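Subject: Structure handover

Hello,

Please find the structure below. My notes on what was found in it follow.

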Amino acid sequence: MINKNSTISQIFQTPIGNDILSKLFMTLNMDQGLINKFPLSKVKLKHLSSVMGEDMVNTLVQLVNSETEKIIDTPAITPKWWKEAIFYQIYPKSFCDANGDGIGDIQGIISKLDYLKDLGIDCIWLSPIYDSPNDDNGYDIRDYKKIMAEMGDMEDFKQLLEGCHTRGMKLIMDLVVNHTSDEHEWYQRALNGEKKYQDYYIFRDQPNNWKSFFSGSAWKYEESLGKYVLHLFSPKQMDLNWENPDVRQEVAEIVRFYHEMGVDGFRLDVINLISKKAGLPDGNETIGKMMEFTGIEQYYYGPRLHEFLRELRAEAFDPYEAFAVGETPGVGIEMGRYLTHESRGELDLIFNFDHLETPGHVRFDDYQYDLNFLKEMLYRYHDRLGSGDWQALFLENHDNPRILSKVLKNSKYRNVLAKMLQGLLLTFKGTPFIFQGQELASLNLPFSSIEDIRDVESRNKYQELIESGMSKEKAFQVILAGSRDHARVMINWDDTVHPKGWIKDFTLGDGYSVQAQLEKANSSLRFFRKMAAFRKVHPELIYGDLISINRDKKDVMLFERRLYDKALTIEINLTDKPVSRSLKGRKVLVSNYRNRDRNYLKPYEFTICKG
Ligand code: ISL
Ligand code: CA
């Protein structure tokens, strides 16, 4: 157990201390090597009270001491379908519109199941399709057992599920149970004075200093009750009170309802936020400024999180042998092991977001992403995992701008970079999650003004920036750099324009539509299909060991995947400059370049060699 007399380096040696200090140093863009060097290594926690405040020191001690159990690793990797699968995330509102009302729908998805099967997809992750007022595009659920009218009905959904299964694909849904919509029956009954349902949410006489992820205070005043109510996200997304066993039973029942139907599992939205520290103590203002959201340390890895997850798994997942991947913003590598190691009986995988922004940057910063950082983070994560752990590999989702636009200085290398990143996701050790459009080398879009922007997070942030005195032009540039809408425009199946879509139409006719790429031999789409097929016949890319080579050589990633006598070596140029090739004269099995230089890797070259 650590205490206030523990030194920084002693804390860094603990699993949770390592996560917290790594995250802090990354946010401050400071070299973590300083932690184990004099004088920092000898600094005692109590000496930090003057800097971070007594409360933060106590919170740090509590968080680090919260994990006393040592994870005992398993002797070998347990084969699982979700360790072998390629996942594909569909954002239903923007995937395919079958009835021409400008909104994606379930029949549209059904019409593209063969496309996904041919792509090599094994499991679809469907972002929310439940009844919702769409304040946050379905992440504000009004009725968990009703399908959003714009997308279809339960019969459509059952047809979709059947369509996946008959093609040998699985389907997981998105479970959003940290909060419900304020239009949910439970919340409406709470507002009507029903005590039972008031205990489903977090009402207080006075707010604390917690900030919402979507700007402003995390508390809304409900006139009718004379109370404040907690909403970590929009004021129409009301946090559920997971301390209440009735809430936990409601959630388990919803999960069982879909598992009974044959759904193969769930992605659990911000599931690490469900356990808030008792008494809802104020957040530390210093940490709040650093981590952007005051109060986050009081709930991002809360005191009963493991207990709640174990209970939900036992009651609603294990009876169906269903799969669970948690979305866990802020959770570090070691916290992720406590949430997913197979000895823990909680989640199977988590999404850790630490690799998505380079140190010192947040999503709304307009900067060029250095892929050397991605290399470092992938290796660091991989090195910390035992055979009872597993890693989710992803670069995009519906909450982030397109990775190509973060990396590219000019779009000349758009196609080769898209293929290189696909190749990396499909050859590194872990389960690849592809976001819709990533197979098409999608870029960010040239939204022209805030009027084009639909995302509640972006619109609230724009308002907050303006109110802070920033000019409209500058505020829009900030939004343009990080808006989640870049990932939420309609997929271009062909060059048909969608004039009355829910979001601005960007049918660019630039030869990157699905139809155009199916016809073009060296398209990003055709490369993805080839890579996915290659992965399926090379178990060394799934269960094989990963051995990094010349790891310290900058701008290049070189690693071997080995399973018994099968071995492949992957060599990647992480930059738009030629770099010397390490593997010379080896038989090349796959590459994103048809003709290669014998001595140099071309910009963003990705090559798999035998052995
Ligand atoms: O971008 C993020 C993580 O990369 C965060 O801004 C994100 O909003 C956070 O991880 C929570 O995301 C999830 O919950 C939100 C919803 O808006 C997001 O779409 C969902 O992925 C509230 O339900
Ligand atoms: Ca439609």
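**Notes on the model**

Asn 137 sits in the loop between strand S3 (130–131) and strand S4 (143–147); helices (H or I, at least four residues) and strands (E, at least two) are DSSP runs, numbered from the N terminus. The phi of Asn 137 is positive, about 45°, although the residue is not a glycine. Asn 137 counts as buried because its relative accessibility is 11%. Here buried means under 20% relative accessible area, exposed means over 50%, and partly exposed is in between (1.4 Å probe, protein chains only).

Before the rest, the ground rules. This is a predicted model, in which local features need pLDDT of at least 70 and side-chain atom pairs count only at pLDDT 80 or more, while totals for chains, interfaces and linings use all residues. Residues are numbered from 1 along each chain as its sequence is written, chains are lettered from A and ligands numbered from 1 in the order in which they are written, and side-chain values use heavy atoms, with hydrogens and water left out.

**Overall**

The chain has 21 helices and 22 strands. Its radius of gyration is 24 Å, close to the 25 Å that the globule rule gives for 611 residues, so the chain is as compact as a globular protein of that length. (The radius is taken over C-alpha atoms, and the rule is 2.2 Å times the number of residues to the power 0.38.) The C-alpha trace spans about 70 × 65 × 55 Å along its principal axes. Of the 611 residues, 61% count as buried. The accessible surface comes to about 23500 Å², and carbon and sulfur atoms account for 51% of that; such areas come from the Shrake-Rupley method with a 1.4 Å probe, and for residues only the protein chains shown count as cover. Among contacts (heavy atoms within 4.5 Å) between residues at least 6 apart in sequence, 69% join residues at least 24 apart.

**Calcium site**

The calcium ion (ligand 2) is coordinated at 2.2 to 2.3 Å by Asp 97 (OD), Asn 99 (OD1), Asp 101 (OD), Ile 103 (O) and Asp 105 (OD). Donors are N, O and S atoms within 2.8 Å of the metal (3.2 Å for Na, K and Ca); water is not among the atoms, so sites may look incomplete. Along the chain, the donors of this ion follow the spacing D-x1-N-x1-D-x1-I-x1-D.

**Salt bridges**

Side chains of opposite charge can pair when their charged atoms come close. A search of the whole structure finds 49 salt bridges, a salt bridge being a side-chain nitrogen of Lys or Arg within 4 Å of a carboxyl oxygen of Asp or Glu.

- Arg 167 pairs with Asp 114, with the closest N and O atoms 2.7 Å apart. The two are 53 residues apart: Arg 167 is in the loop between helix H8 (154–166) and strand S5 (170–175), and Asp 114 is in helix H7 (residues 113–119). Arg 167 is partly exposed at 26%, as is Asp 114 at 43%.
- Lys 236 pairs with Asp 182, with the closest N and O atoms 2.8 Å apart. Lys 236 lies in the loop between strand S9 (227–230) and strand S10 (237–239), and Asp 182 in the loop between strand S6 (179–181) and helix H9 (185–191), so the pair ties together parts that are 54 residues apart in sequence. Lys 236 is partly exposed at 23%, whereas Asp 182 is buried at 12%.
- Asp 269 and Arg 267 form a salt bridge at 2.8 Å, N to O, and both residues are buried.

A network of salt bridges links Asp 131, Arg 142, Asp 182, Glu 183, Lys 220, Glu 222 and Lys 236.

**Other local features**

Glu 292 also has a positive phi, about 75°, although it is not a glycine. Glu 292 is in the loop between helix H12 (285–291) and helix H13 (305–317) and is partly exposed at 40% relative accessibility.

Phe 38 and Pro 39 are joined by a cis peptide bond, with omega about 5°. Pro 39 is in the loop between H2 and H3.

Regards
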